[in-house]
Amino acid sequence: MSAPVIAVDGPAAAGKGTLARRLAAHLGLPYLDTGLLYRATGRRVLDAGADPRDPGVAEEAARTLRPTDLERPDLRGPEADAAASAVATQPGVRAALLQWQRDFGRTHGAVLDGRDIGTVVFPDAPIKLFITASPEERARRRHLELTARGNTADPAQVLAELRARDEQDAARAVAPMKPADDAVLIDTTTLDADAAFARAVEVVRGKI
Ligand code: C5P
C-alpha cells in the first residue's frame, strides 16, 4: 500500500489531537491539525472587524489563508473556538479548505485530525478513528488546559460552550461531525492518553 491516510475525527477535547500527533510520530507520517485551518480563518475574519458568520468575508479569508497563519499564537481560547465553529458552518469556507487538506495527505500519506476527515476529506482512508468522551469529561480537560495556560475559566461555562460547539458542529448542513460508517470508535472517558494510544495502535496494526 502507498503511504496511508489516517483519519482521526471527534468532538473537542476528546483527546484526538494528542492521539493523532503521537500516532503520526509513531508511524513516521506527517500530521495536520485541520482545526487550525478553521481557527486561523476565524481569526482573520475577526482581524477584519467582521462577523465570523459573514459568508463573504469568511470565504475570502479561507481562500487566501497562508501556512504562516496556522502559527499564530492566538488560535486557542473561547473567542477562537467560537469563530472557528461559525466559519466552519459555511460551505464556501469548507470548499476552500478542502483542497489544502487533500493536498497535504495525498502525496506522502498523513494523519489528519478534525470533524469530517473520514466522511468528506478522505472518505477512502484505510483507517478511520472516531475519538469521543463524555461532555463532562471533555469539559474537565478543557478547563484544566485553560487554567494551565493562565486563563480564569468557569467550569460550568466551559461545559456550556463545549456543548454549544458540539451542537453547531453536528447540526450543520455541510460536512457535519459524525463517525464514518467504517470508523472505529474509541471512547476516552475512562482512558488516559497512553491507553487511548495503545488502543489506536492496535486498530492500525494489521491494516497498514
Ligand atoms: O479541532 P478544533 O477544536 O481545533 O476545531 C475547531 C473548530 O473547527 C471545530 O469546532 C469545528 O467547527 C471546525 N472544524 C471542522 N472540520 C474540521 C476541523 C475543525 O469543521 N475538519
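This note goes through the ligand site of a predicted model.

1. The surroundings of the ligand. The ligand is surrounded by 16 residues, and the closest of them are Arg39, Arg94, Arg115, Arg165 and Asp169. By residue type, this shell divides into 9 charged, 4 polar and 3 nonpolar residues.

2. Arg39 has a polar side-chain atom 2.6 Å from an oxygen atom of the ligand. For Arg94, an N or O atom of the side chain is 2.8 Å from a ligand oxygen atom. In the side chain of Arg165, too, an N or O atom lies 2.8 Å from an oxygen atom of the ligand. On its own the ligand has 450 Å² of accessible area, and the protein covers 98% of that area.

3. Which helices supply the shell? Helices α2 (35–47), α4 (78–87) and α8 (155–171) each contribute at least two residues. The largest share comes from α2, with 3 residues.

4. The ligand takes up the space of the largest pocket.

5. The recorded binding site. An unreviewed UniProt entry gives the feature "binding site" at Gly10, Pro11, Ala12, Ala13, Ala14, Gly15, Lys16, Gly17 and Thr18. Among these residues, Ala12, Ala13, Ala14, Gly15, Lys16, Gly17 and Thr18 are part of the lining of the largest pocket. Gly10, which the UniProt record also includes, is located in the loop between β1 (5–9) and α1 (16–27).

Terms used:
Residues numbered from 1 in each chain as written. Predicted model: local features only at pLDDT ≥ 70, side-chain atom pairs only at ≥ 80, totals over all residues. Heavy atoms only, no water. Near = heavy atom within 4 Å. Polar contact = N/O pair within 3.5 Å; in protein donor to acceptor, adjacent residues only side chain to side chain. Areas by Shrake-Rupley, 256 points an atom, 1.4 Å probe, with all protein chains shown as cover. 1 Å grid on protein atoms, 1.4 Å probe; cavity = no way out; pocket = protein on both sides within 12 Å on 5 of 7 lines; lining within 4 Å. Sits in = over half its atoms within 2 Å of the grid points. Helix = DSSP H or I, 4+ residues; strand = E, 2+ residues; numbered from the N terminus. Nonpolar A, V, L, I, M, F, W, Y, C, P; charged D, E, K, R; others polar. UniProt positions renumbered as here; feature names shortened; annotations may be inferred.
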